[in-house]
Amino acid sequence: MDGSSQVTAPAVLILLGPPGAGKGTQARKLTEAFGLVQLSTGDLLRAAVAEGTEAGRAAEAVMKAGGLVSDEIVIAILRDRMAEPDCAAGVILDGFPRTTVQARALDGLLAETGQSIAAVLSMEVDDAAMVDRVSGRYTCAKCGEGYHDSFKQPKAEGVCDSCGSTEFKRRADDNATAVASRLKAYHAETAPLIAYYQDRDVLAPVDAMAGIDDVSGEIAGIVRQVIA
Ligand code: ADP
Ligand code: ADP
Ligand code: ZN
């Protein structure tokens, strides 16, 4: 990416990276800083599972085992969400696309809506760091703010910084067996998207090994270059 082509809103940003890279953490910060809507296919799928919809029932076992949900289901969920009015102002895709089929489907969808990809933020982390991050992860049960046993604890123990709730939850798939499958799926299916977006000149590498605030700073600098 050479930063020469600014995209006027509505912009689409993509956060690309393995589980635990910090996509959710950074997407949340971007919504606050740039007023874009965070669109996480993981969150949408977990909501579908909780509601017991047809897609949720089909996805549940695959997610628990750390596999990828079928392109057909994920693309349908994303398409429906992107059609909602709040997405017209621009979105941050967190966890989508994860396969080349999904990337092509997104290209088709954006051609229909007249939106374009401003940047693909490629979050680079070591496999070992990813395992540490995922295994210590938990979130506020009320507002979804993310925390970590070692890297990001609430300022007051047991109380969410953002909303004051004292209830937290951990994901069923953040266990060693599922994490190994998720990492394998990432390398086999998702990592090829780095070249896919490099070829389209929208890839922006981010050093996601740095601390949370340093990563946010690097991302904000990139986003300011591409969003008018
Ligand atoms: P992803 O959405 O890519 O799976 P998350 O944003 O949920 O990743 O982050 C995974 C875990 O690592 C969370 O517990 C989060 O608090 C923590 N984390 C995120 N970014 C960093 C970072 N740069 N350094 C250390 N820990 C981080
Ligand atoms: P992480 O934050 O650890 O990267 P996500 O919350 O994005 O995890 O995704 C959790 C699970 O939901 C994935 O392991 C996968 O089973 C499913 N999932 C999420 N997004 C997609 C996608 N774009 N394609 C296929 N499966 C997905
Ligand atoms: Zn909270």
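Helices here are DSSP runs of H or I with at least four residues, strands are runs of E with at least two, and both are numbered from the N terminus. Hi everyone, and with that settled, let's look at the model. It is a predicted one: local features need pLDDT of at least 70, side-chain atom pairs count only at pLDDT 80 or more, and totals for chains, interfaces and linings use all residues. Residues are numbered from 1 along each chain as its sequence is written, and side-chain values use heavy atoms, with hydrogens and water left out.

So, which element gives the most to the shell around ligand 1? That is H1, with 3 residues. The shell counts residues with a heavy atom within 4 Å of the ligand. There are 18 residues around ligand 1, and Gly 20, Thr 25, Arg 137, Tyr 147 and Ala 210 come nearest.

Now the polar contacts, meaning pairs of N or O atoms within 3.5 Å. The side chain of Thr 25 has an N or O atom 2.6 Å from an oxygen of ligand 1. A nitrogen of the ligand lies 3.3 Å from a polar side-chain atom of Arg 133, and a backbone N or O atom of Ile 212 is 3.5 Å from a ligand nitrogen. Taken alone, ligand 1 exposes 560 Å², and the protein buries 91% of that (Shrake-Rupley, 1.4 Å probe).

Last stop, a helix pair. H7 (residues 176-190) and H8 (residues 192-199) pack at about 35°, axes 5 Å apart; axes are lines fitted to C-alpha atoms over the stretch in contact, and angles run from 0 to 180 degrees between N-to-C directions. Thanks, everyone!

Notes
Chains are lettered from A and ligands numbered from 1 in the order in which they are written. A polar contact is a pair of N or O atoms within 3.5 Å; within protein, one must be able to donate a hydrogen and the other to accept it, and residues adjacent in sequence count only if both atoms are side-chain atoms.
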